[in-house]
Amino acid sequence: MSSPVTAILYAPGTNCEEETAAALELAGGKSELVLLRDLLDGRTRLSEYQAAIIPGGFSYGDHLGAGRIFGTLLVAQLRDQLMGFLGAQKPLLGICNGFQVLAEAGVLPHRSPGQRTMALLENQSAKFEDRKIHLVVSAERSVWTQGLEGRVLSMPTAHGEGRPLFCETSGPNSARVVLRFAGAGGKAAAKYPDNPNGAPGGVAGITDDTGMVLGLMPHPERASLPSHYSQDGLHIFKNLVRWLAQS
Amino acid sequence: MAIHSVYTLSKDDAEARSWLAFFRRHGYSKLSNLMIERVYWLEGDIKVDTLLPLLANPLYQVTSPKTQLDEGSGPVVEIAYRPAVTDPETPSILAGAHALGETGLEFARLSKRYQFVGLDEDLARKIAARFLYNKIVERVRDPNELISTLRPSGKPDAVATISLANLNDDELTALSRARSWYAPLSQMRVIQAHEATRGRAHTDAEIEILAQTWSDHCYHTTWKSLGLLKRLTQATERIHHPLVVSVFKDNAGGIEFYEGWVVTIKGETHNFPSSIAPFGGVATKHGGVIRDTLGFGKGAYPIGGTTIMGTMDPRLAEDAVPSGALHPQLIVTESIRATGYYTNPMGIPMMHPIYRIHPGYAKCLALGHSFGLIPRKYALKDAPEPGDVALLIGGDTGRDGIHGATVSSTGMTGETLERESAAVQIGHPITERRFASAIPVLRDADCIRAITDLGAGGISCAAGEMGAETGVALDLDAVPLKDQSLTAWEILLSESQERMLLAIPRAKLSEAQAILTRYEVGYCTLGHFTDTGKLQATWRGERVVDLEMPFLWEACPIDSIEMAEPKRRLAPLDIPEPRTEQEWGNAFHRVLSHYHCCDQLAAGSRFDTTVQGRTAVGPYGGRNHRMPTNIAVSAPLLGKPYGVITTVAINPFYGEIDPARMARLMVIEAITKAVVAGADYREMALCDNFYTPKVRPDVAWDLKQMVEAIADFSVAIGVPFISGKDSSSGTFEAGGRKIDVPMTLAVATIGRVPDVRKIVTKEFKRAGNKLVLVGEMEPGTLGGSVYADSYGQRGNRLYDPGATKNVIGLWDVLHQLHQEGKYFSGSAIAEGGIALRLFEASYGSELGARLDCSASNKTRADGELFGEFIGSVLLEISPEADLDRFLARVPHRIVGDVIVEPSLTIIEDGKTVWSDSTSKLAESWSKTFREVVE
């Protein structure tokens with residue numbers, strides 16, 4: 001079998017696709033940049049790929065709400081492919097704007113495409129926040145963070161809308177929180193600026209009920225290469241590579 | 001056509017909360033609540049319900065066909081873009097609606113309704129005018145206003161023929177001004193003579209093209225007259241630097257990087273628009289300079305940028321702001337919002353956010369740089385060939401920015417603000433982002449023969465330049481318009497942002513079109529290159545432009561400019577030397593809290609500094625990632641250790657004392673910042689950006705001295721200027737008052753380093769290490785310093801780092817020491833002197849410093865601490881290091897040592913003169929800017 005390929009799925013306005021590909025490559029993985037337009041026009045299909053990452057940026061200019069147009073296109077025009085991908089239990093990662101897309105599409109927290117049960121609201125400061133932060137990894141099961149439980153990871157965060165709001169019926173307790181903003185010591189942080197966006201409980205990343213889908217606001221790909229101030233983010237990509245090799 | 005409205009209210013509105021807190025902090029304590037309702041205006045035969053999932057997320061947004069604000073509880077101010085301006089969100093709403101299958105939507109707009117609970121109507125409107133909108137591009141919407149259409153609509157004027165025959169000089173001058181050509185009399189006469197020679201009056205389009213092409217902004221008439229451009233380019237030619245790939249002629253300058261790549265630099269000011277409409281002006285400043293990178297060679301990719309704003313003091317009382325000028329606090333806060341609005345979505349790391357003040361910046365300084373990356377083999381353009389297609393890509397063309405080139409070439413008056421409103425526009429970063437992604441793909445597919453951006457002068461300038469050697473024929477009917485009322489000359493002159501012009505070989509056209517379609521970039525075939533040697537254009541079946549290229553490019557008369565040595569009224573400083581502990585504390589407080597030294601993270605943290613994954617050292621570093629680094633290092637080839645290092649030097653105070661020396665100091669400061677970090681000055685190039693008052697004999701004199709100083713100096717040190725830009729329109733006039741900007745020169749460097757991991761930053765590394773000042777101290781010279789400014793004084797003498805060979809000698813020694821790993825931290829002395837470096841290094845390390853001033857008995861100890869010894873550096877070295885061996889060739893002195901406690905201490909003759917904790921000092925340091933912007 002040829003080596004598994006991860007789709008880096010991006011749209012006009014996405015701007016982190018290349019460094020995401022570079023981080024995955026350093027972790028030993030293989031990727032292909034896939035424009036949403038390529039899927040919409042039928043040049044390729046999601047089923048061609050064994051995993052997918054939606055990188056950060058401002059897809060469609062963040063207009064009307066971060067991730068909303070990308071999310072709308074996914075569920076309005078590519079629903080079958082998306083359902084097929086999720087049904088095949090393939091790993092899916094949304095970073096920053098990618099997380100916003102997954103929330104707007106209803107993929108997170110509970111795999112309900114077309115039905116939104118969470119939102120990523122404007123930061124409490126009402127400002128874009130560019131910071132270097134710490135994350136503490138929970139014991140929640142996720143293919144992306146396996147083996148990192150309890151670890152404190154350093155990586156950059158840079159977003160204006162990252163404060164999660166969960167639908168009352170799902171509730172903050174039922175969302176599976178994998179990553180929390182933390183102080184340098186690893187204690188989950190409620191306060192600014194360790195918690196840059198005011199997320200309740202410091203929630204920075206969540207998984208779906210199967211552990212295959214991860215959405216996170218910080219940028220692991222910007223803490224992966226030897227030239228970066230930290231390489232903690234590389235673990236997340238290595239986990240994908242390991243999982244793909246095993247399955 | 002039916003117009004629907006959808007009112008949305010957020011159940012959790014952080015923006016509203018933030019504004020509420022802001023206004024209450026700014027003295028509006030009666031304001032008890034603030035609500036923001038967003039209104040979508042939708043035109044077309046549509047089912048609104050289909051669109052609701054797009055317009056709102058029901059988890060936190062409530063929609064209604066009517067307002068949800070209780071009008072009785074407080075005045076509502078509704079702010080919308082002016083009818084002639086397209087909202088930034090319009091294209092996205094249309095795209096989203098079409099994706100949902102709602103194709104009936106024809107146009108959309110957005111407005112925001114602010115409700116001020118607890119205030120009266122008048123005050124609410126006053127606050128809105130001061131903080132929430134800019135009347136140049138936005139307006140307060142009357143709730144009873146009847147809307148027949150949302151589209152900017154209308155019919156174009158026919159093309160007019162304008163004869164200048166028989167007009168006398170006064171009439172020519174009056175016509176030039178009435179038409180906003182701002183062409184000087186000499187140019188009007190040349191156009192008049194041209195009409196007589198060819199025996200046919202010009203069309204309005206032709207004169208508009210001539211006025212734009214010959215404007216100072218585009219043709220650099222002031223600089224040409226003084227011979228300055230030539231002076232700088234000749235200096236660079238003389239240096240003949242082996243790394244230089246492209247200088248001055250292209251949209252940016254480029255030097256060799258590693259492994260077949262080239263890195264580029266360009267800086268551009270956008271002072272006029274930013275002064276009258278800071279949000280739009282600053283956003284398009286970034287958009288424009290980024291396009292210069294995209295338009296370098298056959299298309300470079302932008303990998304970093306700067307934003308440098310010079311304003312009057314934002315803490316000025318309202319009535320101290322000259323009438324006709326915006327309050328500087330508004331300019332600063334709006335500029336920050338605009339920089340984030342544009343550069344974050346572009347995905348370009350902000351490397352140097354810098355904010356400066358000077359009472360002369362009534363017409364503000366708005367400078368931005370863009371750094372780029374391109375394969376060597378695409379770094380030089382080819383000439384377009386007859387038959388090549390002129391492809392216009394990007395956004396539609398509107399009424400935006402018409403006359404931007406001519407207006408920005410003139411001074412600014414209170415009247416300009418009203419009169420030239422069309423010269424400002426709002427940028428749409430998403431449009432630029434689309435082609436920023438597509439251009440490298442087009443380039444690598446060999447589709448691009450040449451490419452340039454559309455900036456000042458729009459299509460006229462871009463096509464005129466690109467087709468200068470061949471000829472070009474344009475079909476103006478092909479241009480997609482935002483506004484149907486545009487006539488031919490307006491289409492030619494429109495400065496609508498986010499457009500580029502490409503010369504595509506005909507055989508490559510369909511491939512190029514397929515790539516653009518895939519990246520969702522708009523395009524049109526604007527015309528083709530010819531062998532006629534003419535700039536030609538047709539519109540609605542008429543030939544509206546037929547100009548010979550040689551006339552366009554060579555006939556512009558250059559008026560001679562008189563020069564006279566200025567008489568400066570300078571007084572020596574009179575500053576009491578601190579004696580007591582309290583006086584020392586005050587002195588530190590003055591300097592650390594000074595606007596030029598203070599913590600500007602409140603701006604910097606709103607810009608993405610790590611996007612692209614290339615950032616090795618960003619603008620903030622140290623253990624807490626909050627210490628200003630004053631350098632930026634990027635590793636542009638992902639996974640490779642090679643680095644691009646950039647630095648900036650700008651000082652609005654020095655030019656008041658001695659512009660020529662200021663210019664030389666800026667070059668030294670910018671280079672020294674990079675050298676102390678570990679760069680070799682022999683692998684570096686420079687970019688100059690001048691901002692000077694409207695030309696007068698004394699200004700011309702200074703300008704010439706400045707250019708000569710840097711040209712000669714660059715030759716002497718062998719570091720070439722490869723790119724630059726001048727703006728000679730820094731004069732604000734209102735009510736009989738003239739305010740000149742200070743003689744301003746920003747120098748930026750771009751250099752390469754073999755390994756980003758070897759970069760040395762400023763924060764202290766280990767207690768017990770020694771601190772050495774390398775370079776000449778001159779504690780008696782505080783002229784132009786921040787310390788002097790904090791006493792409201794300027795002084796009459798600037799620090800002089802001495803002969804060029806001393807400056808180079810110091811760089812050589814530093815580089816050698818860096819190669820050998822002899823210092824652990826280092827910083828170049830600039831504003832705030834040694835004191836600021838000590839504080840920042842302590843703040844970034846959680847260590848402290850003890851400074852011994854015993855040796856300075858005969859001089860001023862405050863001069864030692866706060867003197868701005870440009871070219872000198874503060875190094876942290878091992879206590880065992882043999883200084884006299886390492887530093888034998890350069891002046892140096894041990895000034896103190898690194899200590900465990902995070903504090904600063906001054907010792908004289910064994911006694912502690914003053915001491916304070918770093919955290920206490922940080923309070924002063926971090927307050928100034930935060931209070932302005934938050």
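**Exercise 1.** Describe how helix α24 (residues 659-677) and helix α25 (residues 697-717) of chain B pack.

*Solution.* Step 1: the two helices of chain B pack at an angle of about 35°, and their axes are 8 Å apart. Axes are lines fitted to C-alpha atoms, for helices over the stretch in contact, and angles run from 0 to 180 degrees between N-to-C directions. Helices (H or I, at least four residues) and strands (E, at least two) are DSSP runs, numbered from the N terminus.

Step 2: α24(B) contributes B:P659, B:A660, B:A663, B:R664 and B:V667 to the contact, while α25(B) contributes B:D702, B:Q705, B:M706, B:A709, B:I710 and B:F713. Two residues are in contact if their C-beta atoms, placed from the backbone, lie within 7 Å.

Step 3: sorted by class, this contact has eight nonpolar, one polar and two charged residues. Ala, Val, Leu, Ile, Met, Phe, Trp, Tyr, Cys and Pro count as nonpolar, Asp, Glu, Lys and Arg as charged, and the others, Gly among them, as polar.

The model is predicted: local features need pLDDT of at least 70 and side-chain atom pairs count only at pLDDT 80 or more, while totals for chains, interfaces and linings use all residues. Residues are numbered from 1 along each chain as its sequence is written, and chains are lettered from A and ligands numbered from 1 in the order in which they are written.

**Exercise 2.** State the order of the seven strands in the open sheet of chain B and find its edges.

*Solution.* Step 1: the order is β34-β36-β33-β37-β35-β38-β39, with mixed pairing. Two strands pair if DSSP finds at least two bridges between them.

Step 2: β34 (823-828) and β39 (911-917) of chain B each pair on one side only, as edge strands.

Step 3: β34(B) runs antiparallel to β36 (residues 873-877) of chain B, and five bridges join them. B:S825 has B:E876 in β36(B) as its bridge partner.

Step 4: helix α28 (residues 833-843) of chain B lies across β33 (770-774), β34, β35 (848-852), β36, β37 (892-899) and β38 of chain B, at about 150° to β35(B).

**Exercise 3.** Describe the contact between chain A and chain B.

*Solution.* Step 1: chain A gives 47 residues and chain B gives 45 residues.

Step 2: on the side of chain A that touches chain B, the elements that give two or more residues include α1 (17-26) and α3 (68-77) of chain A. The most come from α3(A), with six residues.

Step 3: that side of chain A divides into 20 nonpolar, 13 polar and 14 charged residues.
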